[in-house]
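Dear colleague,

Please find below the structure I am handing over to you. My notes on it follow directly after it.

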Amino acid sequence: ERAAARFREMRACIVLGRGYEYATALEWALKLKELTYLFADAYSAADFQHGPIAVAEAGLPVLAVAPSGRARAGMLTLLVRLHDELGATLLVVADRFDGLPAGTDVLGTATRLRSRDQRVGSVAHLPDWLMPIVSIIPAQLFTYHLALARGGDPETPRSISKITLTR
């Protein structure tokens, strides 16, 4: 809820994931479009570095999924570059905080709070292929609270029908 309040004014964002978490990034971007009416463009972190990174600039909101696993190291390298060199504003879904640039907003995948700063502690490590099941939850909660913070009703988004007619 606090992160949603901080990102309430954004009009567009980039959503990044890598490996199995690319699907999480795609789903997160879709939910942002459906519920908050933002332009949210999802990329594989690897693909993002080969052209689309040109849009990165100071203040650009970059939402990323960076849990433990094989893809984490490469994701951290990219996030540090985006934050420290290009000035992007980061919001990261993670189960660990080490390696993230200072000032990064973190949506934790966890079962308990850690310390008075209200960061969320890490869950027991899951295999990479299962982690998207956990990672999408804080992304969905952020999107829900962002919709509310922007004055929307996440239960009845505009222009969306639950029924699709095939003709």
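I begin with Tyr 22, which, leaving aside its neighbours within four places in sequence, is in contact with Gly 17, Tyr 43 and Ser 44; contact means heavy atoms within 4.5 Å. Please note that this is a predicted model, in which local features need pLDDT of at least 70 and side-chain atom pairs count only at pLDDT 80 or more, while totals for chains, interfaces and linings use all residues. Residues are numbered from 1 along each chain as its sequence is written, and side-chain values use heavy atoms, with hydrogens and water left out.

Tyr 22 belongs to helix α2 (residues 21–36); helices (H or I, at least four residues) and strands (E, at least two) are DSSP runs, numbered from the N terminus. The relative accessible area of Tyr 22 is 30%, so the residue is partly exposed; on this scale buried means under 20% relative accessible area, exposed over 50%, and partly exposed in between (1.4 Å probe, protein chains only). Tyr 22 and Tyr 43 are 21 residues apart along the chain, and their C-alpha atoms are separated by 7.1 Å. Ser 44 lies in strand β2 (residues 39–44) and counts as buried because its relative accessibility is 12%. Not counting residues up to four places away in sequence, Ser 44 touches Gly 17 as well as Tyr 22.

Strand β3 (residues 61–65) is mostly covered, with five of its five residues buried. In a regular strand the side chains alternate between the two faces of the sheet. In β3, Pro 61, Leu 63 and Val 65 point one way and Val 62 and Ala 64 the other way, and all are buried. Strand β1 (residues 12–17) runs parallel to β3 and is joined to it by three bridges; two strands pair if DSSP finds at least two bridges between them. Within this pairing, Leu 16 stands opposite Ala 64 in β3. Five bridges join β3 to strand β4 (residues 89–94), again in parallel, and Leu 90 in β4 is the bridge partner of Val 62. From β3 the chain crosses through helix α4 (residues 72–85) to β4 in a right-handed β-α-β crossover, a term that applies if, with the strands pointing away from the viewer, the path from the first strand over the helix to the second runs clockwise.

Aromatic residues

How many aromatic pairs does a search of the whole structure find? The search finds three; rings of Phe, Tyr and Trp (its six-membered ring) pair if their centres lie within 6.5 Å, and planes under 30 degrees apart count as stacked, over 60 as edge-to-face and the rest as tilted. One of them is the edge-to-face pair of Trp 28 and Phe 142, at 6.1 Å centre to centre and 85° between the planes. This pair links distant parts of the chain, with Trp 28 in helix α2 and Phe 142 in helix α5 (residues 131–149), 114 residues apart. Trp 28 is buried because its relative accessible area is 0%, and Phe 142 counts as buried at 3% relative accessibility. The rings of Tyr 43 and Phe 48 form a tilted pair, because their centres are 5.4 Å apart and their planes stand at 55°. Tyr 43 is partly exposed, at 21% relative accessible area, whereas Phe 48 counts as buried at 0%. Phe 7, Trp 28 and Phe 142 form one aromatic cluster.

Yours sincerely
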